Amino acid sequence: MSALKAFAVTETDDNTGGIVFARHAVTARRHGANEYAGGEFAYVSCRRAPWADRFAENQDPTISVMIAHGWHFECQGCGAKIDEDWLDEEGLPVEGVIGTQATSVYCCARCKWKSMKRAAKRKEQEQLAIGAYKAVVLKRFPDAEFCDNEPDKYRGHHHAYVTMDKGAWHWGQVVISFKFPGMQIAPAHYSRNEPMHQWRSPFIGPVKPEYTCCNGDREAFEAWANQTRISA
Ligand SMILES: [Zn+2]
């Protein structure tokens, strides 16, 4: 059995916090203050939680057990505030809550599955949007070189923001990064921006596509753009 004991450490104002494992309350409180109250020792309360001692070995209590002891969490799938009352109303067993203090939390297996499927579909849409706008860039700049194989070297790798609204996917911002002849500092970007309101209301404004590069590369980029304009 571990020599560590479980303490419930919570921020005094908003009552958020977690289970902390330590030999002594003062250590638990110090750790909890760093974690939940920006290091402010005075802003956390710390009390023993013997029911969580059995998690001392891996220091990662199971959410279902925490809920059974009065804690509540937000479901990362449906956003519900999961506590015993809510589970009761929904007819969901507390044992069915998925997650530990260190992982994502879901109210039930079905909610997690739905959330995973949704995330996969979102990823697919993002890839579609990126593919479509790479084609737009290539049409204007056939010798643009996409930075697909060096995502860490340059900031601003391709990015797409997609949302689901009334059963349909909408492409919001799409950013494509590419290198060009004469580039010294950083890749140029093609950005397609669509303000949120454009698909939330009947008003359809202009969608402005834009090519940008950093100041240091401006001359090289403009020279390249002028040179390729003739053949475009
Ligand atoms: Zn849920």
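This is a predicted model: local features need pLDDT of at least 70, side-chain atom pairs count only at pLDDT 80 or more; totals for chains, interfaces and linings use all residues.
Ser-115 lies in helix H4, where helices are DSSP runs of H or I with at least four residues and strands are runs of E with at least two, both numbered from the N terminus. At 12% relative accessibility, Ser-115 counts as buried, a word that means under 20% relative accessible area, with exposed meaning over 50% and partly exposed what falls in between, for a 1.4 Å probe and protein chains only.

Residues are numbered from 1 along each chain as its sequence is written, and side-chain values use heavy atoms, with hydrogens and water left out.

Gln-76 has another contact to mention, with Ser-104, which is 28 residues away in sequence and 6.6 Å away in space, C-alpha to C-alpha. Ser-104 is found in the loop between H3 and H4, and with a relative accessible area of 35% it is partly exposed.

Now to the metal site. Which residues coordinate the zinc ion? They are Cys-75, Cys-78, Cys-107 and Cys-111, each through SG, at 2.3 Å; donors here are N, O and S atoms within 2.8 Å of the metal (3.2 Å for Na, K and Ca), and since water is not among the atoms, sites may look incomplete. The angles among the four donor atoms run from 102 to 114°, and the site is tetrahedral, a label given to four donors if all angles lie between 85 and 135 degrees. Along the chain, the donors follow the spacing C-x2-C-x28-C-x3-C. Distant parts of the chain are linked by the pair Cys-78 and Cys-107, 29 residues apart, the former in the loop between E4 and strand E5 (81-82) and the latter in the loop between helix H3 (84-90) and helix H4 (109-140). Is Cys-107 buried or exposed? Cys-107 counts as buried, because its relative accessibility is 4%, whereas Cys-78, at 46%, counts as partly exposed.

Phe-73 lies in strand E4 and is buried, with a relative accessible area of 18%.

A pocket is an open set of points, on a 1 Å grid over the protein atoms alone, where a 1.4 Å probe fits and protein lies on both sides within 12 Å along at least five of seven lines; lining residues have an atom within 4 Å of a point. The largest pocket has a volume of about 440 Å³, a volume being the space filled by probe spheres set on the points, which are joined across faces, edges and corners. It is lined by 20 residues, and those nearest its centre are Thr-16, Gly-17, Trp-71, His-72 and Phe-73. Strand E2 (17-22), helix H2 (63-68) and strand E4 (73-74) each supply at least two residues of this lining. At least three lining residues come from each of domain 1 (1-61) and domain 2 (67-107), with bounds taken from an automatic or database domain assignment. By class, the lining of the largest pocket has five nonpolar, twelve polar and three charged residues, where Ala, Val, Leu, Ile, Met, Phe, Trp, Tyr, Cys and Pro count as nonpolar, Asp, Glu, Lys and Arg as charged, and the others, Gly among them, as polar.

The second largest pocket has a volume of about 160 Å³. The elements giving two or more residues to its lining are E2 and helix H1 (25-36), and H1 gives the most, with five residues. In this lining, six residues are nonpolar, four polar and one charged; among them are Ile-19, Phe-21, His-31, Glu-35 and Gln-59.

Gln-59 deserves a separate word on its backbone. Most residues other than glycine have a negative phi. Phi of Gln-59, however, is positive, near 50°; this residue lies in the loop between strand E3 (44-48) and H2, and at 40% relative accessibility it counts as partly exposed. Lys-166, also not a glycine, has a positive phi of about 50°. Lys-166 lies in the loop between strand E7 (159-165) and strand E8 (168-179), and it counts as exposed, at 79% relative accessibility.

Definitions and conventions
Four donors count as tetrahedral if all angles lie between 85 and 135 degrees; four count as square planar and six as octahedral if opposite donors are over 155 degrees apart and all others between 65 and 115; anything else is irregular.
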